[in-house]
Amino acid sequence: MSEEAASAATGCEINSDEEETPGYTAPAMKTVEELAELDKDDEALVKYKKTLLGDVETGTGDLKVTVLSMTFLTDEREPIVFDLTGDLNAVKNNPITIKDGCEYKLKIVFKVENQIVSGLRFHQVISRKGLKVEKQSIMVGSYGPREEAHEFITPVEEAPKGMIARGKYKAKCKFTDDDEIAWLQWEWTFNIDKDWH
């Protein structure tokens, strides 16, 4: 899905001037077949490629990345799972309550099909009352195709705290790769409160 199509489908737009990872240069795009042919005489590299790619039938179609879910994780309560395969407006319009000052992480579950995806990145912009509060751009990495879904967990974050920080927040998220393809854009909302509800 193109960035424009994803934005139109979700009503979610994130500025494309995301942070770059210092010193990182995107590799040239290669198919799974091309990678398999490289360094066939290097036993260690062949073994590493097998670990990365597994035994999945690959190279038979275009690259496809499907973001399946995002889970809010904290030690203070049960995980909250957002299904990202269905109605994204339901995710956007059903805010969760987060206790002020709690530490949390986000787990993104996604599938990669047919080819290797290079340089996946998770972008998130959090705003309150129309003002940007926080902007993140986190390198997720490169992944090969496989039957099972991949998981990525963000570094620990701390929710805003104090009476002034309490209220409603909106987060706009985007999952991209080195080719600047936006595989999914979505929004989720949350309320900061003095306790869990």
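**Aromatic pairs**

I searched the whole structure, which is a predicted model, and found nine aromatic pairs.

I looked at phenylalanine 110 and tyrosine 143 to begin with. Their rings sit edge-to-face, 5.0 Å centre to centre, with 85 degrees between the planes. I then checked where the two partners lie: phenylalanine 110 belongs to strand E4 (residues 103–113) and tyrosine 143 to strand E6 (residues 131–143). They are 33 residues apart, and the pair links distant parts of the chain. Buried or exposed, I wondered about phenylalanine 110 and tyrosine 143? Both are buried.

Tyrosine 169 is in strand E9 (residues 167–176) and phenylalanine 190 in strand E10 (residues 182–193), so I noted another link between distant parts of the chain, 21 residues apart. Tyrosine 169 counts as buried because its relative accessibility is 4%, under the 20% cut-off. Phenylalanine 190 is buried as well, with a relative accessible area of 4%.

I also followed the ring pairs onward. They join Tyr169 and Phe190 with Phe72, Phe82, Tyr104, Trp188 and Trp196 in a cluster.

I placed aspartate 39 in the loop between helix H2 (32–37) and helix H3 (43–53). Aspartate 39 counts as partly exposed because its relative accessibility is 41%, which falls between the 20% and 50% limits.

Definitions and conventions: Residues are numbered from 1 along each chain as its sequence is written. This is a predicted model: local features need pLDDT of at least 70, side-chain atom pairs count only at pLDDT 80 or more; totals for chains, interfaces and linings use all residues. Side-chain values use heavy atoms; hydrogens and water are left out. Helices (H or I, at least four residues) and strands (E, at least two) are DSSP runs, numbered from the N terminus. Buried means under 20% relative accessible area, exposed over 50%, partly exposed in between (1.4 Å probe, protein chains only). Rings of Phe, Tyr and Trp (its six-membered ring) pair if their centres lie within 6.5 Å; planes under 30 degrees apart count as stacked, over 60 as edge-to-face and the rest as tilted.
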